[in-house]
Amino acid sequence: MHLIINHSSMVPIYEQIVEQIKEGILKQELKENYPLPSVRTLSKELKISALTVKKAYDALESEGFICTVHGKGSYIAPVNPQLVWEEQRKELEQDLEGILQKAKRFDITKEELKDLFLLLLEESSCWK
Amino acid sequence: MLEVKEVQKRYGTFELECSLTILDGQITGLIGQNGAGKSTLFKAILDLITLDSGSIQIFGKEHHELSGKEKEKLGVVLSDSGFSAYLTVRDIIAILKNMYSNFDLSYFQKQMQRFQLPYDQKIKEFSTGMKAKLKVLIALSHHAKLLILDEPTAGLDVIARDEILDLLRDYMEDENDASILISSHIAEDLESLCDDLYMIHEGKMIFHEDTDVLLSDYAILKMSEEQFKKLDTQYILKACKEAYSYACLTNQKQYYMENEPGITIEKGTIDAVITMMIRGYSL
């Protein structure tokens with residue numbers, strides 16, 4: 001398992017953990033039944049508060065990515081690829097919605113926004 | 001684990017007046033300037049000074065009613081305390097064996113090895129770092145349930161501090177449901193170790209928050225005077241005028257990130273929060 005915590009990032013630490021574990025699951029680096037370190041152990045290893053780790057585990061559990069057996073610890077839950085795909089789409093939609101609202105605030109027309117988006121898409125190095 | 005309820009203690013013009021709770025399995029940090037009352041509070045908890053009013057409970061019992069056996073479940077580091085400097089570690093081991101029924105020799109030896117501490121050298125010949133490590137080690141040597149550590153890292157360099165914090169982290173991993181109350185004026189130490197934090201100033205608790213919440217939701221907002229006048233202040237805790245700008249402390253970073261795109265937002269750190277809590281004014 002890889003976890004890289006950026007202490008100067010504006011993204012809360014628990015969110016960084018959640019995102020990276022999700023990513024690991026998605027890339028199949030973290031397989032079903034893989035045991036996660038205990039809350040205290042991860043807190044020790046990452047040098048962060050145990051409550052932060054607990055918050056991350058709770059979030060992952062409520063979204064169905066891990067399951068916790070009382071007294072035994074947390075494990076990676078069986079993944080449903082469809083669910084993961086939907087999850088990502090939902091997240092993307094939310095981000096885009098935020099951009100739409102911002103564009104509205106800045107008085108940018110639909111056409112301008114579309115042109116801007118296409119331009120960025122064209123110049124983006126993400127798909128090269 | 002530990003509950004300090006409305007404790008009051010007056011020394012001349014100084015007055016300690018505070019409450020604090022430490023839950024099972026948690027590391028609680030106490031932060032404050034020199035003379036803020038940290039050590040007085042530690043002494044009060046350990047029943048080394050009498051209280052003017054209020055109560056302190058440890059393991060669910062009044063702190064002055066703890067039996068010797070129950071006191072063995074405490075591990076303590078105080079700033080000006082320790083064994084005679086003319087003793088060696090070998091002498092101290094003999095004392096600890098007789099003092100604590102739960103003294104764990106193999107743990108103690110393992111950590112002695114880890115820190116490369118000598119058995120037969122007098123403590124007065126130890127370096128500051130060695131003395132500090134030994135003090136913490138003694139507090140951890142007998143499977144204490146509650147560790148009360150007053151400035152265990154004071155005066156140490158960054159590596160030695162980190163080694164002591166790692167020792168505490170290992171301890172928390174191995175001991176189920178042990179709790180720690182630790183004070184320091186080095187915010188970074190507490191930030192990376194503690195689950196929640198209390199801030200004491202002039203004898204009073206001025207702030208209590210989970211470290212996680214502090215680091216994720218608190219922020220310092222910086223802005224011009226015009227921006228300050230128009231600012232939505234519902235989540236502003238403190239404000240402070242600086243040379244060419246205004247600074248505000250918020251506990252709702254997300255709100256301002258979304259609604260005030262023009263202002264500069266810095267992540268909250270313990271140091272920034274303390275400074276604002278003490279120097280800033282309420283709106």
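What percentage of the 283 residues in chain B is made up of buried residues? Buried residues make up 51% of them, where buried means under 20% relative accessible area, exposed over 50% and partly exposed in between (1.4 Å probe, protein chains only). The model is predicted, so that local features need pLDDT of at least 70 and side-chain atom pairs count only at pLDDT 80 or more, whereas totals for chains, interfaces and linings use all residues. Residues are numbered from 1 along each chain as its sequence is written, chains are lettered from A and ligands numbered from 1 in the order in which they are written, and side-chain values use heavy atoms, with hydrogens and water left out.

**View 1. Overall form of chain B.** Chain B contains 11 helices and 14 strands; helices (H or I, at least four residues) and strands (E, at least two) are DSSP runs, numbered from the N terminus. The C-alpha trace of chain B spans about 70 × 40 × 35 Å along its principal axes. An unreviewed UniProt entry places the feature "domain: ABC transporter" at residues 2-227 of chain B; UniProt positions are given in the numbering used here, feature names are shortened, and annotations may be inferred rather than shown by experiment. This span is 35% helix and 29% strand, and its end C-alpha atoms lie 45 Å apart.

**View 2. The annotated span of chain A and A:Pro12.** From an unreviewed UniProt entry comes the feature "domain: HTH gntR-type" at residues 11-79 of chain A. The span is 51% helix and 12% strand, with 25 Å between its end C-alpha atoms. A:Pro12 lies in the segment before α1 of chain A and is buried, with a relative accessible area of 13%. Between the C-alpha atoms of A:Pro12 and A:Thr52, 40 residues apart along the chain, the separation is 9.2 Å.

**View 3. A negative patch on chain A.** A:Glu15, A:Glu19, A:Glu91 and A:Asp95 gather in a patch of negative charge on the surface. Patches are made of residues with over 30% relative accessible area and no salt bridge, like charges being joined within 9 Å and nonpolar side chains (Val, Leu, Ile, Met, Phe, Trp, Tyr) within 5 Å. Helices α1 (13-26) and α4 (81-105) of chain A each supply at least two residues of the negative patch. A:Asp95, in helix α4, is partly exposed at 47% relative accessible area.

**View 4. A nonpolar patch on chain A.** A surface patch of about 780 Å² is made by nonpolar residues, among them A:Leu92, A:Phe117, A:Leu118 and A:Trp127; accessible areas come from the Shrake-Rupley method with a 1.4 Å probe. At least two residues of this patch come from each of α4 and α5 (110-123) of chain A. A:Leu118 lies in helix α5 and is partly exposed, with a relative accessible area of 49%.

View 5. B:Glu151 and B:Lys38 meet in a salt bridge (3.3 Å, N to O), defined as a side-chain nitrogen of Lys or Arg within 4 Å of a carboxyl oxygen of Asp or Glu. The pair links distant parts of the chain, 113 residues apart: B:Glu151 is in the loop between β7 (146-150) and α6 (158-174), and B:Lys38 is in helix α1 (residues 38-45). Both residues, B:Glu151 and B:Lys38, are buried.

View 6. The side chains of B:Lys229 and B:Glu225 meet in a salt bridge (3.8 Å, N to O). They are separated by about one helical turn because they stand 4 residues apart in helix α9 (residues 225-230). B:Lys229 is exposed, with 65% relative accessible area, whereas B:Glu225 is partly exposed at 36%.

Definitions and conventions: Lys, Arg positive; Asp, Glu negative; His and termini not counted. Charge placed at Lys NZ, Arg CZ, Asp CG, Glu CD.
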